[in-house]
Amino acid sequence: MDQVTTHVGHPGLTSAEVADRVRDGRTNDMPARSGRSTGEIVRANVLTRINAILGILLVIVLTTGKLINAAFGLLIIANSAIGIIQELRAKRTLDNLAVIGEARPTVRRDGVSRPVTRTDIVADDVIELGPGDQLIVDGDVLEAASLEVDESLLTGEADPVVKGPGDQVLSGSFVVAGSGAYRATKVGREAYAARIVEEAAKFTLVGSELRDGINRILLVVSWLLVPVGLLTIWTQLFGLGQPWREGLTGMVAALVPMVPEGLVLMTSIAFAVRVIRLGQRQCLVQELPAIEGLARVDVVCADKTGTLTESGMRLSEVRGFDGSGMPSGPAPAEVTEILAQLTATEPNPNASLAAIAEAIAAPSVIWTETHHAPFTSARKWSGSTFDGQGTWVLGAPDVLAPEGSAAREAAEEIGASGLRVLLLAEGSLPVTDPAAPGTVTPAALVILEQRVRPDARSTLEFFAEQHVQVKVISGDNARSVGAVTTLLGVVGGSDPIDARTLSQVDPDDADTQAGQPAALGFVGGHHDQITHLSEAFVDAVARHTVFGRVTPDQKRAMVLALKSRGHTVAMTGDGVNDVLALKKADIGVAMGAGSPATRAVAQIVLLDNKFATLPYVVAEGRRVIGNIERVANLFLTKTVYSVLIALLVGIWQLPFPLQPIHVTITGWFTIGVPAFLLSLAPNHERARPGFARRVLQLALPSGVVVAICTFTTYLLCRPPVGSGEALRTQASTASLACLIIVATWVLSVVARPYEWWKVALLVLSVAAYVAIFLVPFTQSLFLLDAGNAAMMRTGLTVGLAGAATIEAIWWIQGRLRGEPRRWWVADD
C-alpha cells in the first residue's frame with residue numbers, strides 16, 4: 001500500500017478542489033506512454049506503402065481468373081497481422097513495466113501526504129521534494145530546507161541552484177540535495193520540459209544505424225523500381241501483343257518480387273520480440289534503439305555503489321581518537337550521541353546515514369538545529385550546526401581532514417580493504433557558511449561494510465570475454481574503489497586514480513572559458529558542446545580503468561572524453577550523481593531502485609536491480625543486429641534478381657518466364673520461413689558498423705548471379721513462338737528450378753556458421769521444393785510441369801553452376817576483408 005502521512009505545513013488542495021480542476025481539464029495530461037494507441041498501431045501496420053502496392057497487384061491478378069496466382073495476397077494479411085500482434089505485445093510489456101518503474105511524486109491533499117501517479121497531478125497541487133526526485137511539472141517553491149536543484153539538463157549550467165520559497169522550478173530538473181515542497185503552476189503539455197520525462201518507454205524504431213541503413217537501401221530500391229516497373233508494364237501489356245490475361249499475369253509476376261515486403265516487417269518483429277524477452281527479465285527498454293546500441297558498446301562505465309555493490313550498507317565499527325589525534329578503540333558514548341543527532345535531523349538520509357541510523361538508537365532528546373547542510377556528491381559531506389553543541393560534519397576523510405593527518409592516513413588504510421570510511425569531525429564554522437566547515441577536529445572514523453553483488457564478477461568477466469572495456473567511476477575513495485574492483489578481478493583495479501588529480505581543461509583555455517563550467521567548457525551555456533577537454537585528461541581516462549572521488553560533472557566529462565576517442569559508451573548508475581553521465585552516454589542504464597531522475601534519463605532500466613541482466617541485453621541487441629543483417633541479405637538478393645530479370649526480359653522483349661504463384665513459392669522456403677527463424681535465432685557476434693555496405697556486398701553479386709542463371713535457363717529452354725501452353729509451362733518450371741537452386745544456396749551462405757537447426761532448416765527447405773516439383777497434386781496446383789527431362793537438366797545444370805559461383809563469391813569476399821570463413825559454429 002502507498003504510504004500516507006499527515007503534514008503540518010502547507011496542507012495542499014482539498015478533495016473538492018482537486019475534483020474542480022479535474023473537471024476543468026487542469027490535469028497533468030500526457031501523451032500515451034507507450035507511444036502509439038492500439039488504433040494507430042493497426043493503421044500503421046495495415047496502411048503501408050508495401051501493402052498498397054501488393055493490394056493493387058492483387059486486384060489486377062484477380063481479374064485474370066487464376067486465383068492461385070493471387071496467393072501472394074496472403075502477404076498483406078500476414079504482414080499486417082504479425083506486425084500488429086507483435087507491436088501490441090511489446091506495447092503491453094512496456095506499459096506494464098512502465099507502471100512498475102515510474103516515479104510516483106508525493107502530493108499533499110487535505111493535509112495528508114501520499115504518492116500519486118504523475119498523471120494524477122492537477123494545477124496548484126503541493127508536491128514534496130527530496131534528493132533524487134525529478135520535477136514532473138513547473139511550479140513555485142513553497143518550502144525549502146537546503147534545497148539544491150540541478151537544471152543542467154535544461155540550461156547546461158553545471159552547478160546546482162539553491163532554491164528558496166518563491167523561486168520558480170522547472171520540470172526536467174532534479175533535486176541533488178535538501179528537501180522542500182512546491183506548488184504546481186504549469187501542468188501537462190504546458191510544462192517547460194514535459195516531453196523530457198514523457199519520451200521514456202516509447203515504442204519507436206527511429207535513431208538507429210540498423211533502421212537508417214535499411215531506409216537508405218529501400219530508398220535506392222524505390223528509385224530502381226520506377227523505370228524497371230514502367231518497362232515491365234509496357235513490355236508485358238503492349239510490347240508483345242499477347243492476350244491481356246497473360247500480359248497482366250506476367251506484369252504482376254515481375255513486379256511482386258521486386259517489393260522487399262518482409263524486410264521492414266522482420267525488423268519490427270525482431271525488435272518487438274526483444275522487448276518482450278527483456279521484459280520477462282524485468283528490463284524496461286525506454287528507447288527501442290537502445291537494444292541495438294548496447295550491442296555496439298565497447299566501453300561500459302559503471303558506478304561502484306548500487307552497481308557493483310549493493311545499495312544498502314551495514315555499520316561495522318566506530319573508532320574514536322586518543323588525545324594525540326591517533327585512531328584508538330571503540331568511540332566513546334558521546335560520539336554515538338552525535339551520530340544519533342545527525343541521523344535524527346536529516347529528513348532525507350542517504351545510504352550511509354540510513355545504515356548508521358539502523359545500527360544505533362535514536363536520541364531521547366533531539367538537539368536544536370540552527371543550520372543544516374545535506375550531503376551532495378560535489379561537497380562529499382553533510383552536517384548540522386546545533387544550538388550550544390557546535391558544528392558537526394560527517395563525510396569523506398580525504399575531503400575533511402588535511403593531507404598527511406593521522407585521521408586521513410588511517411582512513412586510507414582501512415579503505416584500502418574495500419570498506420567505506422567516513423570521518424565524524426567538529427567544525428569551526430556553521431555548515432551554511434561558504435567556508436564551512438572551517439577547521440575540523442576529528443572525532444571518530446565511521447566504518448561501513450558494502451556487499452559486492454554476487455553477480456558482479458561474472459558480469460565483468462562476460463564483458464572482458466567480449467572485448468568490452470569496463471571503467472569503474474565512483475565518488476568513493478579511490479583506494480576503497482580499487483580494493484573492491486581488484487576483488488572482482490577488474491584489470492587495473494590495483495592502480496586506482498583519484499579524479500581530483502586530473503585536470504580537465506587545457507591551461508591555455510582557462511581564460512577563454514572563464515565563467516563557464518570548468519569541466520566541460522560549455523559554449524553559450526549549451527551542454528551539448530565540448531570545446532577543450534585537456535588531452536592529458538582524455539588520455540588518463542582512456543588509459544586507466546578505476547577512478548575514485550569523481551564528481552558528477554567529472555563523470556559526464558569522462559563519458560564525453562571516451563566518446564571523443566570514437567568509443568560507444570554505456571553508463572550504468574543509480575544515484576542522482578550519475579544523471580549527467582547517463583544523459584551524455586550513448587546508452588544510459590539505470591537501476592530500478594535508483595533515483596527517479598536516473599530512471600527518467602536512462603534508455604534502459606533494470607527493474608530487478610541486477611547488474612547481471614546487462615549481458616542479456618547485449619545478447620539480445622547482437623541477436624537483432626546480426627540476424628537482421630542475415631535477413632536483409634535474403635530480401636535484397638530477391639529484389640536485385642527480380643529487378644534484373646524484369647530488366648532483361650524487357651530488353652529482350654520476351655514474355656515474363658514465371659507465373660505469380662512461382663514467385664510466391666520461391667519466397668516461401670528461400671526467404672519467408674527461413675528469414676523469420678533466422679531473425680529470432682541466437683547470435684553472439686559483436687556488432688560492427690557498416691550494416692548497409694556489408695549487406696549490399698553480398699546481396700548485389702548474389703542477386704546478379706541468380707538473375708543471370710535464371711534468364712540463361714529461360715533463353716536455353718524458351719520454346720519457339722506459337723508453341724503450346726505445355727511447353728511454356730515446362731520452360732517456366734525449368735527456369736524456376738534454376739532460380740530456387742541458386743537462391744537456396746544464397747540461403748545456405750547467409751545461414752553460416754551452421755548449427756544443427758540451421759542444417760535442418762536447409763534440408764527441410766530442399767525437401768519441400770522437391771515435393772512441390774515431383775508430387776502431381778502440387779505440380780497441378782502451382783502450375784508446374786517437370787516432365788521435360790532436357791529442360792530440367794538444363795535448369796539443374798545452370799543452377800548448380802550458379803550455386804558454385806555464389807560459393808566462390810563468399811570465399812573471395814572473406815579473403816579480401818580478412819575475415820575467417822567458418823562453416824560451423826566453433827566450440828566454446
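Q: Contact means heavy atoms within 4.5 Å. Leaving aside neighbours within four places in sequence, with which residues is His544 in contact?

A: This is a predicted model, in which local features need pLDDT of at least 70, side-chain atom pairs count only at pLDDT 80 or more, and totals for chains, interfaces and linings use all residues. Residues are numbered from 1 along each chain as its sequence is written, and side-chain values use heavy atoms, with hydrogens and water left out. Beyond its neighbours within four places in sequence, His544 is in contact with Lys471, Asp495 and Ile497. His544 belongs to the loop between α17 (535–543) and β20 (546–548); helices (H or I, at least four residues) and strands (E, at least two) are DSSP runs, numbered from the N terminus.

Q: Is His544 buried or exposed?

A: Buried means under 20% relative accessible area, exposed over 50%, and partly exposed in between (1.4 Å probe, protein chains only). His544 has a relative accessible area of 16% and therefore counts as buried. Across the chain, buried residues make up 57% of the 828 residues.

Q: How many helices and strands does the chain have, and what share of its contacts with a separation of 6 or more joins residues 24 or more positions apart?

A: The chain has 27 helices and 23 strands. Of the contacts with a separation of 6 or more, 74% are between residues 24 or more positions apart.

Q: Why is helix α14 described as largely enclosed by the rest of the structure?

A: Helix α14 (residues 406–415) is so described because seven of its 10 residues are buried. These are Ala407, Arg408, Ala410, Ala411, Glu412, Ile414 and Gly415. The cover over the buried residues of α14 includes the strands β11 (309–321), β12 (327–330), β16 (420–427) and β17 (441–452), together with the helices α13 (397–400) and α16 (478–487).

Q: Which residues of the largest nonpolar core touch the most other members?

A: A nonpolar core is a set of buried Ala, Val, Leu, Ile, Met, Phe, Trp, Tyr and Cys residues joined through side-chain atoms within 4.5 Å. The largest has 119 residues, of which Leu263, Leu294, Phe463, Ile587, Ile604, Leu634 and Phe691 touch the most other members. Helix α21 (residues 613–652) gives the most to this core, with 15 residues. Another core, of 32 residues, lies apart from the largest one and has Ala499, Phe547, Ala557 and Met558 among its members. Not counting residues up to four places away in sequence, Phe463 touches Val300, Val468, Val470, Phe611, Leu614 and Val618.

Q: How many disulfides does the structure hold?

A: A disulfide is a pair of cysteine sulfur atoms within 2.5 Å. The structure holds zero disulfides. Cys709 is in no disulfide, and the nearest cysteine sulfur, that of Cys738, is 5.0 Å away. Cys709 is buried, with a relative accessible area of 10%; Cys301, at 0% relative accessibility, also counts as buried.

Q: Which strands pair with β5?

A: Two strands pair if DSSP finds at least two bridges between them. Strand β5 (residues 138–150) runs antiparallel to β8 (residues 174–186), with 10 bridges joining them, and Glu143 stands opposite Ala181 in β8. Two bridges join β5 to the antiparallel strand β7 (residues 168–169), where Val169 is the bridge partner of Gly139. Strand β6 (residues 161–162) likewise pairs with β5 in the antiparallel sense over two bridges, and Val162 in β6 is the bridge partner of Glu148.
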